[in-house]
Amino acid sequence: MKNPPQDLSQLLHQQGKFPDIAEKAELLLHLDHYVKQVLTGPVSQQLKVANLRQGVLVIETTTAAWAARINFQKAKILQQLQAETLPMLSAIEVKVNPSLFLYALKPKKNNNKISKKAAEHIEALAEHTEGPLGVKLKRLAALANRPRQS
């Protein structure tokens, strides 16, 4: 039999430039979460940490009005980031990116829906399957009984 499939996170951290890209993406995600904690209120929903290059943190926001509000608090953000997370940070740059507005408006869909008929078939299959796969199939079939949220 051929090699079993590898976890994508393991592949990203193994070879080439992927480990560097994965590490930077994790750092940006962490910084995004941290900046949103520092900037509480509605402004935190209107920004995204876009990049970190040569000691400059780039924050994107949807409109110039939000950019102005972030610029007023830039010194506070910079000071906290330097003290707690990134001592090598030298500046924060705020950019307006109207396309972020499109991403912010899209409601997240709950795709965890399954029809009653599909659940019956999966449940029947689970009855004839042993081990962890059978347990997972039963959990999957149970999704049909959950209240649906939109």
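Guide: The following account takes up the helix pair and then two individual residues. The model is a predicted one.

Helix 6 spans residues 116-127 and helix 7 spans residues 131-142. Their axes lie 8 Å apart, and the two helices pack at an angle of about 160°. Because angles over 145 degrees count as roughly antiparallel, helix 6 is described as roughly antiparallel to helix 7. The crossing of helix 6 and helix 7 is left-handed. On the side of helix 6, the contact is formed by Ala119, Ile122, Glu123, Leu125, Ala126 and Glu127; helix 7 contributes Gly134, Leu137, Lys138, Leu140 and Ala141. By class, the residues of this contact comprise seven nonpolar, one polar and three charged.

Turning to individual residues, Leu78 belongs to helix 4, which covers residues 74-84. Leu78 counts as buried because its relative accessibility is 18%, and buried means under 20%. Leaving aside residues up to four places away in sequence, Leu78 touches Leu89, Ser90, Ala91 and Ile92. The C-alpha atom of Leu78 is separated by 9.0 Å from that of Leu57, with the two residues 21 apart along the chain.

Asn51 is part of strand 1, residues 47-53. With Lys24, the side chain of Asn51 makes a side-chain polar contact of 2.9 Å.

Conventions:
Residues are numbered from 1 along each chain as its sequence is written. This is a predicted model: local features need pLDDT of at least 70, side-chain atom pairs count only at pLDDT 80 or more; totals for chains, interfaces and linings use all residues. Side-chain values use heavy atoms; hydrogens and water are left out. Helices (H or I, at least four residues) and strands (E, at least two) are DSSP runs, numbered from the N terminus. A polar contact is a pair of N or O atoms within 3.5 Å; within protein, one must be able to donate a hydrogen and the other to accept it, and residues adjacent in sequence count only if both atoms are side-chain atoms. Buried means under 20% relative accessible area, exposed over 50%, partly exposed in between (1.4 Å probe, protein chains only). Contact means heavy atoms within 4.5 Å. Axes are lines fitted to C-alpha atoms, for helices over the stretch in contact, and angles run from 0 to 180 degrees between N-to-C directions. Angles under 35 degrees count as roughly parallel, over 145 as roughly antiparallel, 65 to 115 as roughly perpendicular and the rest as oblique. A crossing is left-handed if the near helix is turned anticlockwise from the far one by less than a right angle, and right-handed if clockwise. Ala, Val, Leu, Ile, Met, Phe, Trp, Tyr, Cys and Pro count as nonpolar, Asp, Glu, Lys and Arg as charged, and the others, Gly among them, as polar.
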